[in-house]
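Hi everyone, thanks for making time this morning. I'd like to walk you through a structure, so please have a look at it while I talk.

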Amino acid sequence: MRFTKAGLAVTLTAGLALTGCASGSGSSTSQTSKTITLGNILAPTTFEARNMNWGNQSVYAQAVYDGLLKPAPNGKDVQPSLATKWEYNTDKTVLTMTLRDGVVFSDGTPFTAEVAAQNLLRFRDGTSPQKSKVADLAEAKAKDKTTLEITLKRANPAFLINLAQAAGLQESPAAFGKADAQTNPVGSGPYTLNTSQTVVGTSYKFEKNPKYWDANSVKYDTLTVNVYTDATSELNALRGKQLDAAAVADNSILPQVEAAGFRSSGQNLNFAGLLLFDRAGKSNPALGNVKVRQAINYAVDAAAMLKVVGLGRGEATGQVFRPESPAYEATLNSTYKFDPDKARKLLADAGYASGLELTLPTSPGFPKALWPLLQQQLGDVGIKVKYVDTGTNTIADLQAQKYGLSYFTLQRDVNDWQLISTMIAPNATWNTFKYQDPNVDALLATIRTGNDADSAAALKKLNEYIVDQAWFAPWYSPTNYFVTNAGTSVELNQGNVWPNLWNIAPKA
Amino acid sequence: MLTFIGRRLLTGVALLAAITTFGFTLLYLGGGDIARKILGENADQQTVALKAQELGLDRPVLVQYGDWISHAVRGDLGTSWFSGQPVLDAISSRLSVTLSLVTGAIILIAVISVVLGVLAATKRGWVDRFAQLLAIVGHAIPGFLFAVGLVLVFALTLGWFDPTGYVPFLTSPTGWAKTVTLPVIALALGGIASVTQQVRGSVIDALRNDYVRTLRSRGIPARRVVLKHVLRNAAGPALAVLAVYFVGLLGGAVIVEQVFAIPGLGQVAVQATTQGDIPLVMGLLVATGILVIIFNLLVDLAQGWLNPKVRLS
């Protein structure tokens, strides 16, 4: 009996050890110049190029794939990548690209114009969240082995920058439709995914691609990206020196991260505020009245919102365009300076002297400090706010036109046409009520097809018009931070939450 | 015995069917627009509709459930909607991680609880008071708070352990120990508090029995009486509590794995449930259901081995 129980103990101990033999997240990092461990807040939903996303997932895409073009750090210009030269025809509907010769995918398949055409068309027909960015793509054809001709349905000022993001990613045709295509990418990029040491959803390990055509741009032999969906665990990993660099999940942890010796680099990427979708008053006639929308703008103290909701990290703004845009005008930021009296007067002029009620969705993903403050400030001018908890279904509910307005943070793209296509154009995803205004349509036509000067003038007019018409009630632009340790340098990518992978490097 | 095992296994299958049906219904009721959740805020409505079609979400719920069942009985649990990974791969790669935490915690609970419980029951005095205090503290401190405290002191301040992550045993035994020790302690605290009390109570009850008095009157040393006779009788209730705790630890692992960023079943369960990744959640339900059924069966068999009075035929 004694032997049996002792045996049981040994078996249990061995079992415990053996159960620990599975692949793991490999938490510890070696601080050599050839290895880097990055922290991210999202895992890729897929590695299949035709369905890939961008933003927080761009780091995975740039590790394994090359794009036809590369985004410049200013987020606006593009640089050569697999395409070395490109030019538009006169009406900017035919783009001819000269492609790099001699590039091979990690499985040995050669990259050609035919492959590039297939990848573009697959992306157009896939289910990437970025798919709408190539909605203007009519045809892509190989003229010869290294010449690609892309035909657009109409000119698209954002098409080149789109080709430097998810839409331009190039996957080996041998991997098209393979059963493991979503978790085992085959690209021509600087790294290959080590699937045996990757824990999907938690930790991704990449090894340097020995066949990479631009070996000098690859800074590390191995690259690990760990995913932290919880800000506390990301903070612990940073404080425990398990990460070399990370996109910060929550600005509230930043003081502790900086105290741990990390350097933070920030950019004011998004804007936070109210999106006043229902400008025609379909769901609530009050929202169709420009005076009511203007009153909402006057009623909210943006500076207080930045301080309380944005923890003071960001800058107040009254417009959706970025400061470097030709559309931007600093004076517009004070158009709706906090003035509750003016808000009350506008409401009275609009026929709502006795007040009105607005229904807004709440979500666990929105900052909690927002709700009482917003309710109090709008309540002060006579707007009664009713909140409805939409749980994790907020975006779907907003897209289904269930709410005429909502708090939200939206990305402010550097490329103005990208921004317009996201939140202003009649078919824009975040013009949820698909509101159309002839004045805006005319300006968009000029921006789409005009020369640089005409386009810049139209952008300025557009911005002035939508501020005057109170399409939005922007409060502030929160700062997104990327932190690096003493041995790592970074150059941010304007307009994207993640830097370009090749701009993260060992400090000289 | 074989009939008993067969009957328990059949009950287990019925239980699994009930759990999965209930789980599927709940997930669909609270699922919302899954395709939108997968694609996020940037996708337009047409793409969302296309994604829903691609996943078969445009079909009636009963058809989808029937499809899932017909594949599941053939061992195909589908593919995660949010990562594209086969569900079986997702579970198998993480099961061992969670099991190493839970097994470690169970061993820790069993060893400390038995030693402390027996000492508290036989010695009384300060040992007993310490055990009582431990029970209060163990129940009063929320698991996640204890886990965060452990990280703060032993990982971030003293640097003895890794604050997050998991290193496989075969990759580095010391790395493995550095990553699992704190999570195992965090998981075990509540269990130690409860099981110690159970062992203490059972041993005190057993010590009051006539057979103990008889054994003592025969001159058998007190240590032998306790270890050979009393413990065997007291082990039954303690084992039952331990079995309940095993199930509880699977739940506790959810929080601990989140705090320590450990790639186990708990971490993926939180993500999958929040996201509405139905194939993955269903796979997790099946996996944990099977684990619990097997563990309870083993506990029943161990009860019979320890105490012939409850032996099953």
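This is a predicted model: local features need pLDDT of at least 70, side-chain atom pairs count only at pLDDT 80 or more; totals for chains, interfaces and linings use all residues.

Let's start with chain A. Where they meet, 21 residues of domain 1 of chain A touch 15 residues of domain 2 of chain A. Together these two domains of chain A bury about 1400 Å², with 46% of that on carbon and sulfur atoms.

How many salt bridges are there between domain 1 and domain 2 of chain A? The count is one. As for salt bridges within chain A, please find the side chains of Asp136(A) and Arg448(A), which pair up in one at 3.5 Å, N to O.

Now to the two chains. The size of an interface is often given as the accessible area lost when the parts come together. For chain A and chain B, the buried area is about 4300 Å², and 58% of it is on carbon and sulfur atoms. Chain A brings 52 residues to this contact, and chain B brings 52 residues as well. For salt bridges between chain A and chain B, the count is zero.

Next, please zoom in on Val300(A). You'll find Val300(A) in the loop between α7 (290-299) and α8 (302-308) of chain A. Is Val300(A) buried or exposed? Val300(A) counts as buried, because its relative accessibility is 2%, below the 20% cut-off. Leaving out residues up to four places away in sequence, Val300(A) touches Met305(A), Phe338(A), Leu374(A), Gln377(A), Leu378(A) and Trp475(A). Of these, take Gln377(A): 77 residues separate Val300(A) and Gln377(A) along the chain, yet their C-alpha atoms are 5.9 Å apart.

Finally, over to the surface of chain B. Leu133(B), Val137(B), Ile141(B), Phe144(B), Leu145(B), Val148(B) and Ile255(B) make up a nonpolar patch there, with about 560 Å² of accessible area together. Two elements of chain B each give two or more residues to the patch, α6 (125-140) and α7 (143-157). The largest share, three residues, is from α7(B). Leu145(B) sits in that helix, α7 of chain B, and Leu145(B) counts as partly exposed because its relative accessibility is 47%.

That's my tour, so over to you for discussion.

Notes. Residues are numbered from 1 along each chain as its sequence is written. Chains are lettered from A and ligands numbered from 1 in the order in which they are written. Side-chain values use heavy atoms; hydrogens and water are left out. Patches are made of residues with over 30% relative accessible area and no salt bridge: like charges are joined within 9 Å, nonpolar side chains (Val, Leu, Ile, Met, Phe, Trp, Tyr) within 5 Å. Accessible areas come from the Shrake-Rupley method with a 1.4 Å probe; for residues, only the protein chains shown count as cover. A salt bridge is a side-chain nitrogen of Lys or Arg within 4 Å of a carboxyl oxygen of Asp or Glu. Helices (H or I, at least four residues) and strands (E, at least two) are DSSP runs, numbered from the N terminus. Buried means under 20% relative accessible area, exposed over 50%, partly exposed in between (1.4 Å probe, protein chains only). Contact means heavy atoms within 4.5 Å. Buried area is the accessible area (1.4 Å probe) that two parts lose on being put together, summed over both.
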